[in-house]
Amino acid sequence: MEPRIDLLQNELGTKLAKRMFAVHSLVQQTGLPAATQNLVMLRASQINGCGHCIDIHAKEAAAEGETTTRLNLVAGWRHSTVFTEEEQAALAMAEEATRLADASEGVSEETWARAAKYYDENQLIGLVTLIAMINASNRIAVTLNQLGGSYEPGLMAATISS
């Protein structure tokens with residue numbers, strides 16, 4: 001499989017990517033912990049089967065100090081002991097919001113209440129926005145056949161900021 005379009009080698013694609021990155025920069029200002037953001041982006045990307053985004057977010061998280069054990073257990077977070085209750089609440093929200101088509105109620109009241117127990121309103125807005133943006137990114141990358149495996153930490157930020 002070859003990529004259909006290299007988003008960052010296309011002028012319009014680069015502009016769109018920069019704007020999506022700008023939204024992520026705003027999410028970072030909400031107070032939602034960076035480690036939680038990384039876990040959420042990785043989990044949604046796993047659910048969506050986006051090798052490109054899994055590669056990016058696993059490597060960026062590792063570069064920011066995330067442990068191999070935690071990265072390896074993201075897909076099985078319910079059956080592990082390495083995530084805080086706050087992180088588990090965010091991961092549950094990420095799963096339900098990513099699998100909207102699979103669940104008639106979308107994000108359950110129970111999952112929302114669990115997240116609201118640990119995160120303030122700005123952090124919840126950040127979490128919901130982060131989940132929406134990573135799902136959009138997954139869909140773009142999968143549709144364009146962007147492949148995982150060759151990403152180097154820091155590359156996305158360097159490319160977007162140039």
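At what angle do helix α6 and helix α7 pack, and how far apart are their axes? The angle is about 130 degrees, and the axes lie 9 Å apart.

## Basis

This is a predicted model: local features need pLDDT of at least 70, side-chain atom pairs count only at pLDDT 80 or more, and totals for chains, interfaces and linings use all residues. Residues are numbered from 1 along each chain as its sequence is written, and side-chain values use heavy atoms, with hydrogens and water left out.

## Overall fold

The chain has 8 helices and 0 strands. Both are DSSP runs numbered from the N terminus (helices: H or I, at least four residues; strands: E, at least two). In sequence order the pattern is α-α-α-α-α-α-α-α. The radius of gyration is 15 Å, close to the 15 Å given by the globule rule for 162 residues, so the chain is as compact as a globular protein of that length. That radius is taken over C-alpha atoms, and the rule is 2.2 Å times the number of residues to the power 0.38.

The C-alpha trace spans about 45 × 30 × 30 Å along its principal axes. Of the 162 residues, 38% count as buried (under 20% relative accessible area; exposed is over 50%, partly exposed in between; 1.4 Å probe, protein chains only). Take contacts (heavy atoms within 4.5 Å) between residues at least 6 apart in sequence: 72% join residues at least 24 apart.

## Helices α6 and α7

Helix α6 covers residues 109–118 and helix α7 residues 121–143. Axes are lines fitted to C-alpha atoms, for helices over the stretch in contact; angles run from 0 to 180 degrees between N-to-C directions. The pair is therefore oblique. Angles under 35 degrees count as roughly parallel, over 145 as roughly antiparallel, 65 to 115 as roughly perpendicular and the rest as oblique.

W112, A115, A116 and Y118 of α6 meet Q123, L124 and V128 of α7. By class, this contact has 6 nonpolar, 1 polar and no charged residues. Ala, Val, Leu, Ile, Met, Phe, Trp, Tyr, Cys and Pro count as nonpolar; Asp, Glu, Lys and Arg as charged; the others, Gly among them, as polar.

## Helices α2 and α3

The axes of α2 (residues 34–47) and α3 (residues 51–63) come within 9 Å and cross at roughly 155 degrees. The two helices are therefore roughly antiparallel. N38, M41, L42, S45 and Q46 of α2 touch C53, I54, H57, A58 and A61 of α3. This contact has 6 nonpolar, 4 polar and no charged residues.

## T14

T14 sits in helix α1 (residues 11–28). T14 is buried, at 16% relative accessible area. Beyond its neighbours within four places in sequence, T14 contacts L7, L8 and Q9.
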